[in-house]
Structures are given as C-alpha cells and as structure tokens.
Amino acid sequence: MTDYENWRLYTGTSRILDPEERDRRWPPAPRWRTFAGGPDEPPPPDDDPDGERRLGRQVISDNTDERIVDLVNVALRLRRPLLVVGRPGSGRSSLAYRIARELGLGRVLRWPLSTQSSLRAGLYDFDAIGLVRAANRRSSDGPAGADIGDHVRLGPVGTALLPYRLPRVLLIDELDQSDIELPQQLRAIFEDGGFDIPELVRAAGYAPEVTVHTADPGRTAVVRSGQVTCHEFPLIVMTCAEERDFPLAFLRHCLRLRMPEADRASLGDMIAAHFPDDAQGSTEIVEAYLRRRGDWDAPAIDQLLDAVHLRASDDVPAGHQPEWERIIEALWHRLPPAEPQ
C-alpha cells in the first residue's frame, strides 16, 4: 500500500474497511478539534435499514471520483463538516450512507430540514407537560432524575455529539430549506463539540447523571451535569442545492464539495446494487434518462429506478415499444414551467 493509499481511509469503492485496520489507521484529531467528552457510549447500531434501502446491496466498483474521495478523507482528518451541493439525484445524501457503510460507523443519523426546523429540535426535545403529569401521578416528594430522563429525547444532532469512540455519521438534509439563522447556530455547536440541556443543568444538584432517550430506536444514553460533549467529532454531511447563500463564517468552517452528475458507469453500478439479477432493458432506460438529464424538469434517480423496476417486471409489455414509451412518458411526465413571481 502506498503512502497515499494509506492516507485514505475512505476509498469510495464500497469495499468495507476491516475494523482492526480502520482502528489502527484512524488519524488523531488536530489539537484544536479535540474534545473531552466521555466516558464513551456503547457503539451505535450496526444495522441501518435506511442505508440498505438507499444503497442496495454492496457492489464493488473502482469508478470513483478522486476529488470526492480526497475531500471526505480531509473532513475525517480535520473533523470538519462537509457542505455537499449539487442537483437532486447527484448522490448528495447517499454519500453519508456510503461513508458509514465503508468505514463501519454504524447507523446514519439523519435530520431532514424545513423552514420550520429549529436548532433545539436537532439537539433535543423536553416534554415538560409529560413530566408534570408523571409527577402528579406519584407522590409529592419531587421529581427524580430517572423521571426527567424519561421525558428527554436527543435529536439527531444531539445524538451525534454524544461521546462515541468513533465518530457518528450525521446527515443534515436540505440545509437550503432551513431558516436563515440555522447555519450560524449550527456553526457555534460544531465549534464547541457539544451543548447544554438547561433543564438537566438545573436538575444536576439532585440528578447529576440522567439516562435519556436518543435518536437511535430503543437506545438510551447517560447525560452528566446536563452537558453533552463529543469524544470524536461526528462526520457531518450537510446537503443543499446551489442557489442558497450562506454566511461567510459558516462557509469557512465547512469543506465545500460539489457533486457531479452520475455518469453511465455510476448509474450502472447503482442499478446493479438494487437489481441483483440483470435488469431487462436497463441500458436503454439509462440512455433515455441521460437524454432528459439536461432538462430543467429531468427525472430524479428514484424515477430511473422505478422505470428499471417496471421494465424488469414480467407484467410489463417490454416487447411492445410504443406501449413501453407511453409508460415511460407517464412515469417521467413533463412538469409545467414555474410561473414568474
């Protein structure tokens, strides 16, 4: 293995790195990106149904984009978030799942954003009403720490910032849909590598250690003195379209990665991952997809996979070209142009 190959933990080939080799080669964090969280939480869940659904089966391929591979490895080494831009269907979100699968980092934590998303929702939720009702159902001795923890649930960002031995992979999806203040608020959290839960800080006198729920189904974690601080800074993938402007201070904190459009080889690998047997007619479907891709209303990747699924079905008249073209036209229907504002 060359020095350059040894420098790369993530290769983009879908070859899963041996855990012992991963641990041996895992790079230390820069001093300014080292955090003192701990003791470490148990490893995250290995199974990730969402990742399997998005990526399909493992297909080894050397059809990699060297620029993407290098930037992912830089983000791993410097503990910096990745801001991934590109058109829908370019693989922005699936990059997080590819990294997690290849490096064995467990279940991806995903936070899909909207204009209504708040930073607190990503960090934690505190059910104050539920706590009061629980207190009313028992004696009036005052709330216990376990009672408080029953009503606290860490969000995807909060769970990612727990002290794990290896970083969690956090996908913050559609950042361009968020409130204008959210990127700067996230930057402050990323700089600190943690956050306080005020409700637990106030309770620390009688409940210094509180077991709370996390964003991993059925999992809990211990929060000490109301503070959540990471051990290894998470690998953060933030996706957005190209039209959103972000504050310069936020952009300086991130590594910016532009995803290219998938080429024929990449689309072929994707189809092979989702269709273990040769998918009938997939080549001509890919060609039709590529012809439409330059249009403003080009079909998305999931529409491409839908077409391959239909064509591979025994019930679809694959041998009748006019009928099949009508099916494709209905599936990839043209959208009306947007009305001027």
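Trainee: How many helices and strands does the protein have?
Mentor: The secondary structure comes to 16 helices and 11 strands. Keep in mind that this is a predicted model.

Trainee: What does the C-alpha trace span along its principal axes?
Mentor: About 75 × 55 × 40 Å.

Trainee: And how much of the protein is buried?
Mentor: Buried residues make up 48% of the 341 residues.

Trainee: What share of the contacts comes from residues 24 or more positions apart?
Mentor: Taking contacts with a separation of 6 or more, such residues account for 82% of them.

Trainee: Let's do cores. Which residues have the most contacts inside the largest nonpolar core?
Mentor: Leu-83, Ile-172, Leu-175, Phe-195 and Met-238. That core has 45 residues.

Trainee: Which helix gives the largest share of this core?
Mentor: Helix α10, residues 182–192. Four residues of the core come from there.

Trainee: Take Ile-172. What does it touch?
Mentor: Leave out residues up to four places away in sequence. Then Ile-172 touches Trp-111, Leu-113, Leu-186, Phe-190, Ile-236, Val-237, Met-238 and Thr-239. Met-238 is also one of the residues with the most contacts inside the core.

Trainee: What other core lies apart from that one?
Mentor: Another core, of 29 residues. Tyr-10, Leu-76, Leu-105 and Met-259 are among them.

Trainee: Switching to charges. How many salt bridges are there?
Mentor: The structure holds 18. Start with Glu-66 and Arg-8, whose side chains meet at 2.6 Å, N to O.

Trainee: Where do Glu-66 and Arg-8 lie?
Mentor: Glu-66 is in helix α4, residues 66–78. Arg-8 is in the loop between α1 (3–7) and α2 (19–25). So the pair ties together parts that are 58 residues apart in sequence.

Trainee: Is Arg-8 buried or exposed?
Mentor: Arg-8 counts as buried, at 12% relative accessibility.

Trainee: What about Arg-110, which residue does it bridge to?
Mentor: Asp-173, with the closest N and O atoms 3.2 Å apart. Arg-110 lies in strand β2 (residues 109–112) and Asp-173 in strand β5 (residues 169–173), so this bridge ties together parts that are 63 residues apart in sequence.

Trainee: How accessible are Arg-110 and Asp-173?
Mentor: Arg-110 is partly exposed, with a relative accessible area of 33%. Asp-173 is buried, at 3%.

Trainee: And which residue does Arg-168 pair with?
Mentor: Asp-216, in a salt bridge with the closest N and O atoms 2.8 Å apart. Arg-168 lies in the loop between α9 (156–160) and β5, while Asp-216 lies in the loop between β7 (209–213) and β8 (220–224). So the pair ties together parts that are 48 residues apart in sequence. Both Arg-168 and Asp-216 are buried.

Trainee: On to helix packing. At what angle do α13 and α15 cross?
Mentor: Roughly 55°, and their axes come within 11 Å. Helix α13 covers residues 264–274 and helix α15 residues 301–312. The two are therefore oblique to each other. The crossing is right-handed.

Trainee: Which residues make that contact?
Mentor: From α13, Leu-267, Met-270, Ile-271 and His-274. From α15, Ile-301, Leu-304, Leu-305 and Val-308.

Trainee: How do α13 and α14 pack?
Mentor: At an angle of about 130°, with their axes 11 Å apart. Helix α14 is residues 282–292. These two are therefore oblique to each other. Their crossing is right-handed.

Trainee: And which residues are in the contact there?
Mentor: Arg-264, Leu-267 and Ile-271 of α13 meet Ser-282, Val-286, Glu-287, Tyr-289 and Leu-290 of α14. Leu-267 and Ile-271 also belong to the contact with α15.

Trainee: Last topic, His-213. Where does it lie?
Mentor: In strand β7. His-213 is partly exposed, with a relative accessible area of 34%.

Trainee: What is His-213 in contact with, leaving aside neighbours within four places in sequence?
Mentor: Gly-149, Asp-150, Val-152, Arg-153, Leu-154, Arg-219 and Thr-220.

Trainee: What separates the C-alpha atoms of His-213 and His-151?
Mentor: They are separated by 8.1 Å. Along the chain, the two residues are 62 residues apart.

How values were computed: Residues are numbered from 1 along each chain as its sequence is written. This is a predicted model: local features need pLDDT of at least 70, side-chain atom pairs count only at pLDDT 80 or more; totals for chains, interfaces and linings use all residues. Side-chain values use heavy atoms; hydrogens and water are left out. A salt bridge is a side-chain nitrogen of Lys or Arg within 4 Å of a carboxyl oxygen of Asp or Glu. Buried means under 20% relative accessible area, exposed over 50%, partly exposed in between (1.4 Å probe, protein chains only). A nonpolar core is a set of buried Ala, Val, Leu, Ile, Met, Phe, Trp, Tyr and Cys residues joined through side-chain atoms within 4.5 Å. Contact means heavy atoms within 4.5 Å. Axes are lines fitted to C-alpha atoms, for helices over the stretch in contact, and angles run from 0 to 180 degrees between N-to-C directions. Angles under 35 degrees count as roughly parallel, over 145 as roughly antiparallel, 65 to 115 as roughly perpendicular and the rest as oblique. A crossing is left-handed if the near helix is turned anticlockwise from the far one by less than a right angle, and right-handed if clockwise.
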